[in-house]
Amino acid sequence: METNKTKSKKAAQAAEAGSLRDLFITGLKDIYYAENALLKALPEMYEKATDVKLKTAIKDHILQTEMQVVRLEKSFELLGMKAEAKKCQAIEGIIAEGRETVSSAAEGPVRDAAIIGSSQKVEHYEMAAYGTLAAHAKVLNEREVLDLLLRTLGEEKKSDCLLTTIADTELNSQAAGGMHQSKDFKAV
């Protein structure tokens, strides 16, 4: 049985997304929260990583994420709004799962593989979010915001590819105890 409080919360959520523009703004607030949450989580992953290429990729991604936050703030400004975050339950879950996975992994290549896997889950979430926001911006004729979103989407795709390359260049083999992948298989 629904309480009045639950009904009020559902009504408020429904009112938040009464139009595509509302849905778009809510999505921007969500990814703004996510990017800022990542800025807090990435240094922790950097400290736990041991592979030099992975540490460099994480360090570079911190700087890239800072620029992505600036782009989101510019997007809000272009829309005539102050940048505002809305708690992103998805990124909270992905970060929590990543911390758990990484903390339970053996230090060294296994932990590095866990960091890459957890990081790629983040990248895939971001690619989905930015892709959706870009589609909305296009329909809403928000061209300048669309350009900013597409730039970030491209960066997220490149980050995902870089993580795959790091994993496929011996790191996963080291994590498997020195076993090398069969030459018959290509990376996913």
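Reader: Which residues of α2 meet α4, and what makes that a contact?

Author: In this predicted model, α2 contributes Tyr33, Ala34, Ala37, Leu38, Ala41, Glu44, Met45 and Lys48. On the α4 side they meet Ile91, Glu92, Ile95, Gly98, Arg99, Val102 and Ser103. The word contact applies because heavy atoms lie within 4.5 Å. By residue type, the contact of α2 with α4 divides into nine nonpolar, two polar and four charged.

Reader: Why is α2 called roughly parallel to α4?

Author: Happy to go through that one. The two helices pack at an angle of about 5°, and their axes are 10 Å apart. Angles under 35 degrees count as roughly parallel, so α2 is roughly parallel to α4.

Reader: How do you know that Arg99 and Glu44 meet in a salt bridge?

Author: Their side chains come to 3.0 Å, N to O. The cut-off is within 4 Å, for a nitrogen of Lys or Arg and a carboxyl oxygen of Asp or Glu, so the pair qualifies. Arg99 belongs to helix α4 and Glu44 to helix α2, 55 residues apart, and the pair links distant parts of the chain.

Reader: What makes Arg99 and Glu44 partly exposed?

Author: Arg99 has 34% relative accessibility, and Glu44 has a relative accessible area of 27%. Buried means under 20% and exposed over 50%, so both values fall in between.

Reader: Why is the pair of Glu84 and Lys29 said to tie together parts that are apart in sequence?

Author: A salt bridge joins their side chains at 3.5 Å, N to O. Glu84 sits in the loop between α3 (52-78) and α4 (89-104), while Lys29 is in helix α2 (residues 20-48), so the parts tied together are 55 residues apart in sequence.

Reader: Are Glu84 and Lys29 buried or exposed, or partly exposed?

Author: They fall into separate classes. Lys29, with a relative accessible area of 17%, is buried, because the limit is under 20%. Glu84 has 40% relative accessibility and counts as partly exposed.

Reader: What separates Lys74 and Glu77 along helix α3?

Author: About one helical turn, because they are three residues apart in helix α3. Glu77 is exposed at 54% relative accessible area, since exposed means over 50%. Lys74, at 37%, is partly exposed.

Reader: And how many salt bridges does this rule give?

Author: The count comes to six salt bridges.

Methods: Residues numbered from 1 in each chain as written. Predicted model: local features only at pLDDT ≥ 70, side-chain atom pairs only at ≥ 80, totals over all residues. Heavy atoms only, no water. Helix = DSSP H or I, 4+ residues; strand = E, 2+ residues; numbered from the N terminus. Buried < 20%, exposed > 50% of the residue type's maximum accessible area, 1.4 Å probe, protein only. Axes fitted to C-alpha atoms, helices over the stretch in contact; angles between N-to-C directions. Parallel < 35°, antiparallel > 145°, perpendicular 65-115°, else oblique. Nonpolar A, V, L, I, M, F, W, Y, C, P; charged D, E, K, R; others polar.
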